[in-house]
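Please consult the sequence and the coordinates alongside the text.

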Amino acid sequence: MGPGEALLAGLLVMVLAVALLSNALVLLCCAYSAELRTRASGVLLVNLSLGHLLLAALDMPFTLLGVMRGRTPSAPGACQVIGFLDTFLASNAALSVAALSADQWLAVGFPLRYAGRLRPRYAGLLLGCAWGQSLAFSGAALGCSWLGYSSAFASCSLRLPPEPERPRFAAFTATLHAVGFALPLAVLCLTSLQVHRVARSHCQRMDTVTMKALALLADLHPSVRQRCLIQQKRRRHRATRKIGIAIATFLICFAPYVMTRLAELVPFITVNAQWGILSKCLTYSKAAADPFTYSLLRRPFRQVLAGMVHRLLKRTPRPASTHDSSLDVAGMVHQLLKRTPRPASTHNGSVDTENDSCLQQTH
């Protein structure tokens, strides 16, 4: 094993460890919190994390073995089973990300309808479609004997068949990546743009309220005014940053492997082994990145983790603040005016409160 393979093996070990730990934490949080389990998004997150955990536990070790020793597993039929799991879990992960993006768009764009209609059983229907589609592609590859050890990627996955079957294999590969990569990417981009539009409109309303409050308080202390403006600026960039991270991780993790697989179909192109292994490692890194992108860095999961830690340490956790930055500004204004804030109207306030909660859950 040369220095390049040693570096790739170290990268794969790090991805494997992070993927196992982070996805196990997500599943532990969902098992601990009934609130997370009963949401439609919670069902989708459990499916995504479970698939990533299986990928890290059952697929990545054999790829690591292939990088270190450069050979297939010795057990007969083991490589075909691993290749089946690799194709199924990779396709299911991409489609699950698309389902999560659609769920976020419904939660932010239609909060009242979302709360009343999109229950876990509808999320189960989305997952059934994703599983059925993934099983169809992986089953077709297994039935056509297109699964085995690929030396270009040092893994058990799709491999080039003999020359007479190349046209069928090329059509299958193109269809697989069109459905398992291009379609989820299109759904992710379209729904993210809609979420960004709604979040931007929401922030503009909040900015209008903040600026009117600051205009009324001419004698406001400069430090308080500066804090209000900083919170206003953070609101503007928060949704853009999180949406950009979600799209960027999808492209960085999947695009190199997909492009390499499509380039492999061209007769005069030979895939470099180190580049093929690196593109495969980038695909595996999606299993390590998704728990942080969609779960562990978000407020509901942070609160559950804090509660679990406090329970292990036998401490009583402090009640988490449910106020966002806009409510902090309103609280400062009312405190300076020494007034008790009026209760919000049950007609208009319910929609804004629902939008606030949905934006906190999705961003």
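In which loop is Ser145 found? Ser145 is found in the loop between helix H6 (120–143) and strand S1 (147–150); helices (H or I, at least four residues) and strands (E, at least two) are DSSP runs, numbered from the N terminus.

**Basis and confidence**

This is a predicted model, in which local features need pLDDT of at least 70 and side-chain atom pairs count only at pLDDT 80 or more, while totals for chains, interfaces and linings use all residues. Residues are numbered from 1 along each chain as its sequence is written, and side-chain values use heavy atoms, with hydrogens and water left out.

The average pLDDT (the predictor's confidence in each residue, from 0 to 100) is 79 for the chain, and 74% of the residues score at least 70. Confidence is highest in helix H9 (residues 273–296), with a mean of 92, and lowest in helix H12 (residues 348–362), with a mean of 44. The pLDDT is below 50 over residues 320–363, a stretch that has 58 contacts in the model beyond near neighbours in sequence; a contact means heavy atoms within 4.5 Å. Where pLDDT is low, the predicted coordinates should not be read in detail.

**Overall architecture**

The chain holds twelve helices and two strands, arranged from the N terminus on as α-α-α-α-α-α-β-β-α-α-α-α-α-α. Of its 363 residues, 44% are buried, where buried means under 20% relative accessible area, exposed over 50%, and partly exposed in between (1.4 Å probe, protein chains only). Among contacts between residues at least 6 apart in sequence, 80% join residues at least 24 apart.

**Packing of H4 and H9**

The axes of helix H4 (residues 78–109) and H9 come within 12 Å and cross at roughly 35°. These axes are lines fitted to C-alpha atoms, for helices over the stretch in contact, and angles run from 0 to 180 degrees between N-to-C directions. On the H4 side, Asp86, Val97, Leu100 and Gln104 meet Lys280, Tyr284, Lys286, Asp290 and Tyr294 of H9. By class, this contact of H4 with H9 has four nonpolar, one polar and four charged residues; Ala, Val, Leu, Ile, Met, Phe, Trp, Tyr, Cys and Pro count as nonpolar, Asp, Glu, Lys and Arg as charged, and the others, Gly among them, as polar.

**Cysteines**

One disulfide (a pair of cysteine sulfur atoms within 2.5 Å) is found in the whole structure. The disulfide joins Cys79 to Cys156, with an S to S distance of 2.1 Å. Cys79 lies in helix H4 and Cys156 in strand S2 (residues 155–158), so that the pair links distant parts of the chain, 77 residues apart. The link of Cys79 and Cys156 is left-handed, with -110° about the S-S bond.

| Residue | Relative accessibility | Class |
|---|---|---|
| Cys79 | 5% | buried |
| Cys156 | 3% | buried |
| Cys129 | 56% | exposed |
| Cys253 | 5% | buried |

**Local features**

Ser49, in helix H3 (residues 40–69), counts as buried because its relative accessibility is 3%. Not counting residues up to four places away in sequence, Ser49 touches Asn23, Val26 and Leu27. Ser49 and Ala287 are 238 residues apart in sequence, yet 7.8 Å apart in space, C-alpha to C-alpha.

Most residues other than glycine have a negative phi. Ser145, although not a glycine, has a positive phi of about 60°, and Ser145 is exposed, with a relative accessible area of 54%. Ala154, found in the loop between S1 and S2, has a positive phi near 50° and is buried, with a relative accessible area of 2%.
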